[in-house]
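Let's take a walk through a protein model together. Keep the picture open as you read, and look up each residue when it comes along.

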Amino acid sequence: MDERVDLTWRFEKDRFILCEGIDDKNFLDCLIKQRQLPDFQIMDSNQASGKAGGKTGFWPALKAFDVQAAFKNLKGIAIVTDNDTVNTCLEMERE
Amino acid sequence: MVLAADFAKGYRMIKSFEIRNFRCFEQIQLKDLRTINLIVGDNASGKTALNEALYLSATGNPNAAVLIRQQRQRTLPQIAMNWSSELFQSLWADLFYNFDPNLNIWAELVDSLHGTINITVSLSEAKDKIKASPELSAIPPLLFKRFRKGKTTTTKLSIDTKTAQPVFDGRIDPLPICYILPSTQQFYWLDMANLYSDLSKNKLELPAINAIRQDFPQLAEVLILLDSTTPVLFAEVTNLKNRIPLTVVSSGITRYLNILLAISRYKNGVVLVDEIENGIYWKKLPNVWKVLRALCRECDVQLFATTHSNECLQALIPAMEEAPNDFCLLRTEVQHGKHVISQFYGDKFLTALEQHAEIR
């Protein structure tokens with residue numbers, strides 16, 4: 001066990017954005033505030049997966065989201081990824 | 001606490017389970033159960049009731065109704081001046097969904113040894129008697145019927161109001177064994193002494209003792225001695241001159257040993273534990289889970305354990321990494337007024353733990 005033992009996270013809002021890293025999270029936070037968009041819970045894949053950040057963390061995070069008790073309250077999940085290559089979206093879909 | 005039964009023959013694993021009209025459950029169905037099944041959920045969502053439902057169905061023995069009543073800190077009635085139908089019905093009403101004794105409890109359990117077993121529990125016969133005589137000199141029975149491989153076994157459970165002891169009428173068909181441990185820190189001394197004694201007679205106590213020594217190496221020896229006049233477990237502790245009662249060493253160690261002894265004794269059976277983390281220091285929990293899994297595997301025992309503790313769940317990770325498919329998560333919830341259970345298995349359950357997600 002590591003030091004994160006008690007640092008559990010939960011779905012707190014009914015809209016959720018999963019992004020690649022902390023910079024993306026900060027950007028999205030500002031964007032939502034600036035544009036007065038509906039309230040989203042934003043989390044980067046490293047925190048959500050507990051394993052890996054970036055695109056690599058998406059699948060481990062998504063794989064077990066539905067185990068959470070509050071998953072049933074979610075209206076939607078948006079995934080925000082950098083379009084690093086022309087195939088980024090296709091690779092994401094495949095995963 | 002312990003139902004008298006012989007050591008079961010062959011490995012018994014509850015594969016699926018369904019029950020209707022029991023306590024808070026109108027109907028629940030569990031499939032593909034595993035060796036270690038963790039039960040989580042809010043207070044009053046049905047965690048303990050699920051263990052009780054499994055116990056009642058897996059034992060198929062009316063004594064289970066008496067035992068789970070006692071574990072809920074409810075005594076059996078002493079003689080009353082006037083037994084009314086209301087008084088009688090209130091005795092067992094909490095077993096039935098919505099406290100409605102007009103309903104019948106029905107359960108179906110499929111295990112790897114016996115195939116399908118059905119049980120029904122009802123107060124129907126008792127209700128007829130109540131109509132005939134509103135004041136009763138004795139409490140009418142709770143009727144248990146069990147159906148297995150085309151055979152029906154019927155047993156009636158009454159209470160002798162003079163002695164407040166349960167009275168059984170009918171055949172009790174021995175089924176594979178099942179043990180239930182409540183969440184409270186109270187210990188049933190004779191029960192633990194019986195567990196140890198049964199194992200010791202067959203020279204089978206060592207796996208449990210060796211298992212507890214992994215985390216508590218100060219326990220040099222465990223044996224049954226008289227504490228005043230009661231046979232209890234004593235321990236020889238490193239650096240102590242005298243042997244002392246185990247609870248004087250630690251109530252947490254005592255409870256952990258109780259679980260280990262139950263797994264060893266109920267070989268090929270089912271062990272149900274309420275709030276398994278009670279009394280165990282958090283740093284010990286990862287190895288405790290490894291030990292429990294290994295002993296369950298060695299003894300072919302299926303474990304159902306409730307927990308409120310996130311530390312306890314996080315501590316599963318090292319044991320789960322060895323064999324994720326040995327584990328199942330059962331979460332009891334109330335949705336739209338109905339008590340329901342969600343199930344998650346193996347790799348998905350492990351991933352959720354690694355995410356540090358709130359899964360309770």
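## A strand with both faces covered

Start with strand S3 of chain B: B:Ile36, B:Leu38 and B:Val40 point one way, B:Asn37, B:Ile39 and B:Gly41 point the other way, and all are buried. "Buried" here means under 20% relative accessible area, while "exposed" means over 50% and "partly exposed" is in between (1.4 Å probe, protein chains only). In a regular strand the side chains alternate between the two faces of the sheet. S3(B) covers residues 36-41, and with 6 of its 6 residues buried, it is mostly covered.

## How to read the model

This is a predicted model, in which local features need pLDDT of at least 70 and side-chain atom pairs count only at pLDDT 80 or more, while totals for chains, interfaces and linings use all residues. Residues are numbered from 1 along each chain as its sequence is written, chains are lettered from A and ligands numbered from 1 in the order in which they are written, and side-chain values use heavy atoms, with hydrogens and water left out.

## Chain B as a whole

Chain B contains 12 helices and 16 strands. Both kinds of element are DSSP runs numbered from the N terminus: helices are H or I with at least four residues, and strands are E with at least two. Of the 360 residues in chain B, 57% are buried. The accessible surface comes to about 14800 Å², and 49% of this surface belongs to carbon and sulfur atoms; the areas come from the Shrake-Rupley method with a 1.4 Å probe, and for residues only the protein chains shown count as cover.

Now for contacts, meaning heavy atoms within 4.5 Å. Among the contacts in chain B with a separation of 6 or more, 68% are between residues 24 or more positions apart.

Helix H8 (residues 251-265) of chain B has 15 residues and reaches 21 Å from its first C-alpha to its last, close to the 21 Å expected at 1.5 Å a residue. That expected span is 1.5 Å times one less than the number of residues. Why is H8(B) called largely enclosed by the rest of the structure? Because 14 of its 15 residues are buried.

Among the buried ones are B:Phe349, B:Leu350 and B:Leu353. After H12(B) comes B:His356, whose phi is positive, near 60°.

## Two residues up close

Is B:Asn118 buried or exposed? At 16% relative accessibility, B:Asn118 counts as buried. You'll find B:Asn118 in strand S5 (residues 115-122) of chain B. A polar contact of 3.2 Å joins the side chains of B:Asn118 and B:Glu108. (A polar contact is a pair of N or O atoms within 3.5 Å; within protein, one must be able to donate a hydrogen and the other to accept it, and residues adjacent in sequence count only if both atoms are side-chain atoms.) Not counting residues up to four places away in sequence, B:Asn118 touches several residues, including B:Trp106, B:Lys145 and B:Phe147.

B:Gly170 sits in strand S8 (residues 165-170) of chain B, and at 45% relative accessibility B:Gly170 counts as partly exposed. B:Gly170 and B:Thr153 are 17 residues apart along the chain, and their C-alpha atoms are separated by 8.1 Å.

## Over to chain A

Chain A has 4 helices and 3 strands, and from the N terminus on its elements run β-α-β-α-α-β-α. Buried residues make up 36% of its 95 residues.

The 3 strands of chain A form an open sheet in the order S2-S1-S3, with parallel pairing. Strands S2 (41-44) and S3 (76-80) of chain A are the edge strands, each pairing on one side only. Strand S1 (residues 15-19) of chain A pairs with S3(A) in the parallel sense over 5 bridges, and A:Ile17 has A:Ala78 as its bridge partner in S3(A).

Conventions
Pairing = 2+ DSSP bridges.
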